Amino acid sequence: MLEDANLTVGQVAKRCGVKVSTLHYYESIDLIRSWRNQGNQRRYKKEVIRRISVIKAAQKMGVSLESIKHAFANLPNNRTPTQEDWQHLANQWQAELVARIRYLEKLKNSLTGCIGCGCLSMKNCPIYNQDDHVAEEGDGAVFLERELNR
Ligand code: FES
């Protein structure tokens with residue numbers, strides 16, 4: 001079992017499944033904090049594991065580190081965040097996360113048909129995009145972009 005406020009960078013990296021260099025980077029952009037022991041070695045509080053886990057989960061959803069940093073600004077650095085602190089963060093972040101979820105839903109729902117990309121490789125491309133006529137409207141997957149931006 002890991003000690004409360006005396007975790008080494010190696011212990012945190014192992015438990016969180018990240019590289020030590022990633023922890024150093026997160027620290028360099030003030031996403032996480034450590035303290036130095038008498039041997040001038042980095043030590044972390046256990047709650048840093050939750051922060052890193054939330055960072056990883058958000059990044060998997062495509063949330064930028066800048067946005068994560070903005071959300072984490074709501075968390076206290078001088079004490080372990082409480083349930084209420086995390087709730088406050090969640091409320092702050094709600095709008096962006098919901099928009100991202102909606103975007104992914106639309107993407108999922110759009111992938112079965114013609115997305116107007118010009119490939120003409122799907123069965124219904126000739127119906128919706130004969131001779132790639134949507135290319136006149138713009139580049140990229142015209143139907144998909146239209147759907148995602150609705
Ligand atoms: S999916 Fe590419 S043009 Fe229809």
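Let's start at glycine 116, which lies in the loop between α5 and α6. A quick word on those labels: helices are DSSP runs of H or I with at least four residues, strands are runs of E with at least two, and both are numbered from the N terminus. Before going on, please keep in mind that this is a predicted model, where local features need pLDDT of at least 70, side-chain atom pairs count only at pLDDT 80 or more, and totals for chains, interfaces and linings use all residues. Residues are numbered from 1 along each chain as its sequence is written, and side-chain values use heavy atoms, with hydrogens and water left out.

Back to our glycine. Is glycine 116 buried or exposed? Glycine 116 is buried, because its relative accessible area is 1%; buried means under 20%, exposed means over 50%, and partly exposed is in between, using a 1.4 Å probe and protein chains only. What does glycine 116 touch, if we skip residues up to four places away in sequence? The list is Asn129, Val134, Gly140, Ala141, Val142 and Phe143, where a contact means heavy atoms within 4.5 Å.

Leucine 120 has a phi near 50°, a positive value in a residue other than glycine. With a relative accessible area of 39%, leucine 120 is partly exposed.

Now let me step back to the whole chain. The secondary structure comes to 7 helices and 2 strands, and along the sequence the pattern reads α-α-β-β-α-α-α-α-α. The domain assignment gives domain 1 (2-105) and domain 2 (111-150), with bounds that come from an automatic or database assignment. How far apart are the C-alpha centres of domain 1 and domain 2? They lie 40 Å apart.

As for overall dimensions, the C-alpha trace spans about 70 × 30 × 25 Å along its principal axes. The radius of gyration is 22 Å, whereas a compact globule of 150 residues would have one near 15 Å; the radius is taken over C-alpha atoms, and the globule rule is 2.2 Å times the number of residues to the power 0.38. Of the 150 residues, 31% count as buried. Among contacts between residues at least 6 apart in sequence, 55% join residues at least 24 apart.

Aspartate 30 has a positive phi, near 65°, in a residue other than glycine, and at 39% relative accessibility it counts as partly exposed. Isoleucine 29 is in contact with Leu65 and Lys69, leaving aside neighbours within four places in sequence. From isoleucine 29 to glutamate 136 is 43 Å in space, C-alpha to C-alpha, and 107 residues in sequence.

My last stop is serine 67, in helix α4 (residues 65-72). Why does serine 67 count as buried? Because its relative accessibility is 12%. Setting aside neighbours within four places in sequence, serine 67 is in contact with Trp93 and Glu96. Thanks, everyone!
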